[in-house]
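Look over the sequence and model first.

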Amino acid sequence: MSKRLALVAVLVAAIAVFFLLDLRQYLSLEAFKASRAQIDALHAARPLTVAGLYLVAYVAVAALSLPGAAVMTLIGGAIFGFWTGLLLVSFASTIGATLAFLAARFLLRDWVQRRFGEKLRALDDGVRKDGAIYLFALRLVPLFPFFVVNLLMGLTPIRTWTFYWVSQVGMLAGTAVYVYAGTQLGEFRVSAGLLAAFALLGLFPLAARKALAVLKARQVYARWSHLKPRAFDYNLVVIGAGSAGLVSAYIAAATKARVALVERHRMGGDCLNTGCVPSKALIRSAKFLSQIARSGELGIAQASASFDFAQVMERVQRVVRAIEPHDSVERYTALGVECVQGSARISSPWTVEVQTAAGVRTLTTKNIVIAAGARPFVPPIPGLQEIGYLTSNTVWDLRALPRRLVVLGGGPIGCELAQAFARLGAQVTQVEMLPRLMSREDPEVSALVAARFHKEGITVLTGHTARQFVVEGGEKVLIAEHEGGAVRIPFDAVLVAVGRVANTAGYGLEELGIGITRQRTVETDDYLQTLYPNIFAAGDVAGPFQFTHTAAHQAWYAAVNALFGSLRRFKADYRVIPWATFTEPEVARVGLNEQEARDQGIAHTVTVYGIDDLDRAIADGVAHGFVKVLTRPGTDRILGATIVGEHAGDLLVEYVLAMKHGIGLNRILGTIHTYPTLAEANKYAAGAWKRATVTRGQWDFLTAFQGWQRGAGSFGAVLGRVPALLRDRRAANAADAR
């Protein structure tokens, strides 16, 4: 600690001397011009001394991150000429940058790692893997001032020698342009060379960015270059015909690209065949039975329904078949997509081998989109494989209702299916290792869902960890751990719904060296490019969201960047991502919720409107739930919205639109909503926000004004309230500006 304090004292003293003695005045072109003759004379008499002093001064300025390095570079060119100036500046700037780098590492790295190590882990991993390329990009294309780069890189694990040589090489071209500009400034007149130098300064970042992209591409393609075809069969090959794959292929065909869509199983992917479509069909049948069970709440003395579980499941398949033509081979073939049935393997960055019924077929393509989707994650719990289990992929094969069903997992899939099977007559026990269901949502959301589950007879066991599956006396039993003790849960079938994992194996990623993230998804950049600039990933396989609508959203970026990236690229935009869980009550959200805002330290104001107050909800017998909106303090800007209640997913769209297009709660409040509808809840939530934001000064002013209007007060009393009113307005404007 004493060494750190000593170094801090030296640095602070040096910087203080620089500013207290106003040494910056000497680091200006005006000062150099005034003393040019003396400097030239001294340089002619003692060239090595002047060069040495210049080198030391430049190192000091760079090491202390003082202003003036750019001017010193120009002066170096003016005094020493191009080659000597380039040599001096190149070494001085790199040495000074490295000293600043080392100082930041010595003083701050340990503290930063202790405080933010977990959050910086991904960045540190990236620097360890590609730190030289990151730094080279920053040096070639100075989006941030170089002194900031020096200090920030000191907080990363990049090696000192790597920092030094990459900085020297990366800054060399820009340094040369500045030094050359300095040689032209030496005569202090406008010349063609000077204009050319400054033109180069403007064009250099663009050229450098392009050169860096070419260099990086050449590096990753090096071992495959001999396999690159001279011409390609396709503009795009898409692997996987789920939501992301279908949209990618559609866009390619719509833009007249030649596209092949490879699917080894069924068109439509998980959403159509085992996910969104069948689950919502099942939920609809289960909800009807629930409504009949609650018919007394609607004044119906008696109502009943008889049903056959197998017929319900057959209806689910009819719904799938009815929607199937939307995603069919016939439709996409008519759109101009070549659909290929088989298992794909990427054999090089430009070739995809497909194992078809007729044999192996090789497709050559300029670009590839990986849309391989995800599958249910099955945890390695002892006894599970032996005892047999269901997942969201296989549950649709059931034709006999399990009498006792255990559902592992308290996330969206587990909750939706647990409630549906309970309403169909199964005795459902839901086991969740976390303290509450739907842990990504706010606690009161979880509480409402759990209360409804309890009311409908579902046994919800939170804080229970599945440890083992056994057969005792011919009966299947789950042994779970709860508060240190063992809980035995007998059952007839178990549904595993503890999450999904991306399909990243078996189609060539390993051979190509395409990275996998900690979340076990394909590693992509902001443009959805993988390690290879012509190979993209979208949908569940790319993350970070596993929703059909986000897969389609990503597919647009992947396809457009693949086909038109040489003209313009687009960063994938995740700012406004909605989602819904179709339990009853339904849960829908966009943006931040309250627990996320607190965890991230984001200032926010919470407004809640209870749907139990809504006329249409009361009339429909669904007067439960709420609308919760988070806004920036002092403004109506929406940070996020959560809706719990009937048709929450539909009601959420108004907030999705508002957030996407920068519309605040004032605009929602000023919009006419049809009466009586559930959508009025959004307007009433905006009204609750408005009432809560009225200040004491505004109330006092209004009270005085209305009293004067009635003749019960004086105009002077009204004027006396104006200062407080203006203070409130200034405070609101200041909050708006923040």
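E338 is partly exposed, at 25% relative accessible area. Partly exposed lies between buried (under 20% relative accessible area) and exposed (over 50%), using a 1.4 Å probe and protein chains only. R361 is also partly exposed, at 32%. The two form a salt bridge, with the closest N and O atoms 2.5 Å apart. This pair links distant parts of the chain: R361 sits in strand 6 (residues 359-370) and E338 in strand 3 (residues 337-341), 23 residues apart. Strands are DSSP runs of E, at least two residues, numbered from the N terminus.

A salt bridge here means a side-chain nitrogen of Lys or Arg within 4 Å of a carboxyl oxygen of Asp or Glu.

## Basis of the model

The model is predicted: local features need pLDDT of at least 70, side-chain atom pairs count only at pLDDT 80 or more, and totals for chains, interfaces and linings use all residues. Residues are numbered from 1 along each chain as its sequence is written, and side-chain values use heavy atoms, leaving out hydrogens and water.

## A bridge between strands 11 and 12

R467 and E481 meet through their side chains in a salt bridge (2.8 Å, N to O). R467 lies in strand 11 (residues 465-472) and E481 in strand 12 (residues 475-482), 14 residues apart. R467 is partly exposed at 44%. E481 is partly exposed at 32%.

R294 and E297 form a salt bridge (3.6 Å, N to O). R294 is buried, at 19%, whereas E297 is exposed, at 53%. The whole structure holds 27 salt bridges.

Conventions:
Helix = DSSP H or I, 4+ residues; strand = E, 2+ residues; numbered from the N terminus.
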